[in-house]
Amino acid sequence: MKTIDLVVPCYNEEEGLEHFVEETNKVIDTLPEYYFRYILINDGSKDKTYLVMKRLAARFDNIKYISFSRNFGKEAAMYAGLQHCDADYVVVMDADLQHPPAVFPQMLEAMNEGYDCCATKRDER
């Protein structure tokens, strides 16, 4: 079984983080030939993002989290998440669903065709 780590930088995502995981899980559940693991990175959020992460990690065994002492920026959060990856593939995405998990199947199809890197591009907003 191929493994996929989802690196998700989070800054003040208290209101939407649980919804993000629920929506992403809907897609993940349609791809049983892959094991997905979330690596959530709290980038010094001012709200209760950290507590939501802890709650989600207690609820789902495939959720891990990192919490920064202060805001270091999205790039530092992505780098920290990448340092903790050990999967066959890595997906870096935002927690606000602007990067739709619904494209996972198409991305995996491209990877299975032999590409070693895959990115998405929004045609319209």
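The legends below accompany several close-up views of one predicted protein model.

The model is predicted, so local features are given at pLDDT of at least 70 and side-chain atom pairs at pLDDT 80 or more, while totals for chains, interfaces and linings use all residues. Residues are numbered from 1 along each chain as its sequence is written, and side-chain values use heavy atoms, with hydrogens and water left out.

View 1. Let's start with the overall layout: read along the sequence, the elements follow the pattern β-α-β-α-β-α-β-α. Helices (H or I, at least four residues) and strands (E, at least two) are DSSP runs, numbered from the N terminus. With a radius of gyration of 14 Å, close to the 14 Å that the globule rule gives for 125 residues, the protein chain is as compact as a globular protein of that length. That radius is taken over C-alpha atoms, and the rule is 2.2 Å times the number of residues to the power 0.38. Along the principal axes, the C-alpha atoms fill a box of roughly 40 × 30 × 30 Å. Buried residues make up 42% of the 125 residues; here buried means under 20% relative accessible area, exposed over 50%, and partly exposed in between (1.4 Å probe, protein chains only). Among contacts (heavy atoms within 4.5 Å) between residues at least 6 apart in sequence, 76% join residues at least 24 apart. The chain exposes about 7,600 Å², and carbon and sulfur atoms supply 49% of this area.

**View 2. Helix α2 and its two sides.** Within α2 (residues 49-59), the buried residues are Thr49, Val52, Met53 and Leu56. Down the helix axis they fall within an arc of 100°, so they line one face of the helix; the arc is that of the directions from the axis to the C-beta atoms. The buried residues of α2 pack against β1 (2-10), α1 (17-28), β2 (34-42) and β3 (63-67). Arg55 and Ala58, on the other side of α2, are exposed.

**View 3. A nonpolar surface patch built from Tyr50, Leu51 and Tyr65.** Together these residues have about 250 Å² of accessible area, computed by the Shrake-Rupley method with a 1.4 Å probe, where for residues only the protein chains shown count as cover. Patches are made of residues with over 30% relative accessible area and no salt bridge; like charges are joined within 9 Å, and nonpolar side chains (Val, Leu, Ile, Met, Phe, Trp, Tyr) within 5 Å. Tyrosine 50 lies in helix α2 and, at 33% relative accessibility, counts as partly exposed.

**View 4. The salt bridge between arginine 37 and aspartate 5.** The closest N and O atoms of this pair are 2.9 Å apart. Arginine 37 lies in strand β2 and aspartate 5 in strand β1, so the pair ties together parts that are 32 residues apart in sequence. Both residues are buried. A salt bridge is a side-chain nitrogen of Lys or Arg within 4 Å of a carboxyl oxygen of Asp or Glu, and a search of the whole structure finds 5 of them.

View 5. Glutamate 18 pairs with arginine 59, the closest N and O atoms being 2.8 Å apart. Glutamate 18 is partly exposed at 27% relative accessibility, and arginine 59 is partly exposed at 47%. Lysine 26 is exposed, with a relative accessible area of 54%, whereas glutamate 23 is partly exposed at 26%.

**View 6. Methionine 78 in helix α3 (residues 74-83).** The C-alpha atoms of methionine 78 and valine 7 are separated by 6.7 Å, although these residues are 71 residues apart along the chain. Leaving aside neighbours within four places in sequence, methionine 78 is in contact with Val7, Pro9 and Val92. At 22% relative accessibility, methionine 78 counts as partly exposed.
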